[in-house]
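Open the model in your viewer and keep the sequence panel beside it.

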Amino acid sequence: MYTNFQAHLTRELETIKSAGLYKNERIITSAQQAVIKISTGEEVLNFCANNYLGLSNHPELIRAAKEALDTHGYGMSSVRFICGTQDLHKELEAQVAQFFGMDDAILYAACFDANGGVFEPLLDEKDAIISDALNHASIIDGVRLCKAQRYRYANANMEELENCLKIAQAQRFRLIVTDGIFSMDGNVAPLDHIYALAQKYDAMIMIDESHSAGVVGKTGRGATEQFDLRGKVEIITGTLGKAFGGAIGGFTTGKQEIIDMLRQRSRPYLFSNSIPPSVAAAGIKMFQMMAQTSALQDKLHENTAYFTQKMMAAGFDIKPTQSAICALMLYDAKLSQEMAAKMLQEGIYVIGFYYPVVPKDQARIRIQISAGHERAHLDKAVAAFIKVGKELGVIT
């Protein structure tokens with residue numbers, strides 16, 4: 001049987017390659033930070049990690065993780081409700097809930113699991129989920145696992161959202177679901193308008209703060225803080241794998257009864273190992289650091305404003321951004337691949353994004369700024385983009 005299937009897969013892979021869409025993984029041989037070493041031996045500047053606050057190699061987090069290895073061991077070898085809950089897990093959940101102004105929190109192996117495990121335990125065919133068209137793949141997959149009626153509105157289009165809410169009055173409960181920051185475009189969800197519509201049409205709100213927590217809001221507490229709605233939405237999901245240290249682990253935080261029900265019925269929580277003690281300990285340390293100062297967020301915002309202004313002044317087609325994501329639009333998939341390859345030759349590590357990661361004919365270079373970047377790093381990247389952009393005819 002596999003002989004025929006093998007031939008089928010080979011043809012499909014060749015089609016992907018000939019279209020210039022084959023994804024090759026570059027290999028990093030150093031820690032994740034602003035300056036990284038790759039397997040060719042070169043040192044390059046990293047502009048495509050989710051390391052927004054530069055914490056992925058922070059000595060305080062490393063120290064906390066090492067100490068936890070000594071005191072709490074390497075792994076749990078169990079799910080939470082059997083024998084996989086340590087004091088570190090409970091303390092981290094309390095820190096997450098406090099950070100977002102919520103009642104309680106529940107940890108997952110990743111935010112993909114958090115989003116995959118949140119809908120089915122809470123809603124059924126009598127209910128409605130109303131989802132932004134550009135929501136993360138994990139939200140889309142989580143919704144598919146739920147029997148609730150599904151509605152979708154165009155990205156941040158409040159007129160379409162209101163129309164969906166009107167139709168969804170036929171259902172028992174309504175849940176509006178949105179990313180806080182849309183990861184490919186860098187725009188922030190208009191949460192103030194979403195909240196007003198939720199109040200008007202008796203709906204709940206779930207927001208995925210994976211790309212917005214640590215990034216937006218006066219103290220980095222995400223979109224709910226930015227729109228003065230901290231503690232006022234029902235559900236927030238997020239990750240420890242981006243601004244919050246860059247390791248692994250996700251969470252859902254929200255109203256007490258929601259979290260209690262997820263502990264009873266959320267399948268990724270009930271059937272997956274607990275996150276390692278070292279990750280939990282580093283997460284606790286990270287939240288403690290963020291409670292003391294917003295210096296990293298301030299530097300991130302300064303870096304982003306400086307970089308995007310320079311890139312736009314050079315003539316690049318940059319999507320408006322309210323985050324640390326700078327989408328350099330190229331539209332052509334092969335061009336995005338070629339530009340990324342040439343940028344690596346200039347010592348700048350970026351990746352081309354194209355279908356199916358983004359819609360067809362919407363290929364781009366997604367540039368991600370970090371508090372770990374210094375001004376010299378930003379200037380070098382801008383100069384390299386200008387050089388390569390002129391070579392490829394992207395700018396004149």
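Helices (H or I, at least four residues) and strands (E, at least two) are DSSP runs, numbered from the N terminus. Axes are lines fitted to C-alpha atoms, for helices over the stretch in contact, and angles run from 0 to 180 degrees between N-to-C directions. This is a predicted model, in which local features need pLDDT of at least 70 and side-chain atom pairs count only at pLDDT 80 or more, while totals for chains, interfaces and linings use all residues. Residues are numbered from 1 along each chain as its sequence is written, and side-chain values use heavy atoms, with hydrogens and water left out.

**Stop 1: a helix pair**

Select residues 158–167, helix α7, and residues 191–200, helix α8. Their axes are 11 Å apart and meet at an angle of about 20°. Next, show the side chains that make the contact (heavy atoms within 4.5 Å): M158, L161, E162 and L165 on α7, and H193, I194, L197 and K200 on α8. Five of these residues are nonpolar, one is polar and two are charged (Ala, Val, Leu, Ile, Met, Phe, Trp, Tyr, Cys and Pro count as nonpolar, Asp, Glu, Lys and Arg as charged, and the others, Gly among them, as polar).

**Stop 2: F316**

Move to the loop between α13 (295–313) and β10 (325–331) and select F316. Is F316 buried or exposed? Its relative accessible area is 5%, so F316 is buried (under 20%; exposed is over 50%, partly exposed in between, with a 1.4 Å probe and protein chains only). Leaving aside neighbours within four places in sequence, the contacts of F316 are M311, L328, M339, F385, I386, G389, V394 and I395. For a distance across the model, pick Q169: its C-alpha is 44 Å from that of F316, and the two are 147 residues apart in sequence.

**Stop 3: E391**

Select helix α15 (residues 375–391) and find E391 in it. E391 is partly exposed, at 47% relative accessible area.

**Stop 4: the whole chain**

Zoom out to see 15 helices and 13 strands. The C-alpha trace spans about 55 × 55 × 55 Å along its principal axes. Of the 396 residues, 52% count as buried. Among contacts between residues at least 6 apart in sequence, 70% join residues at least 24 apart.
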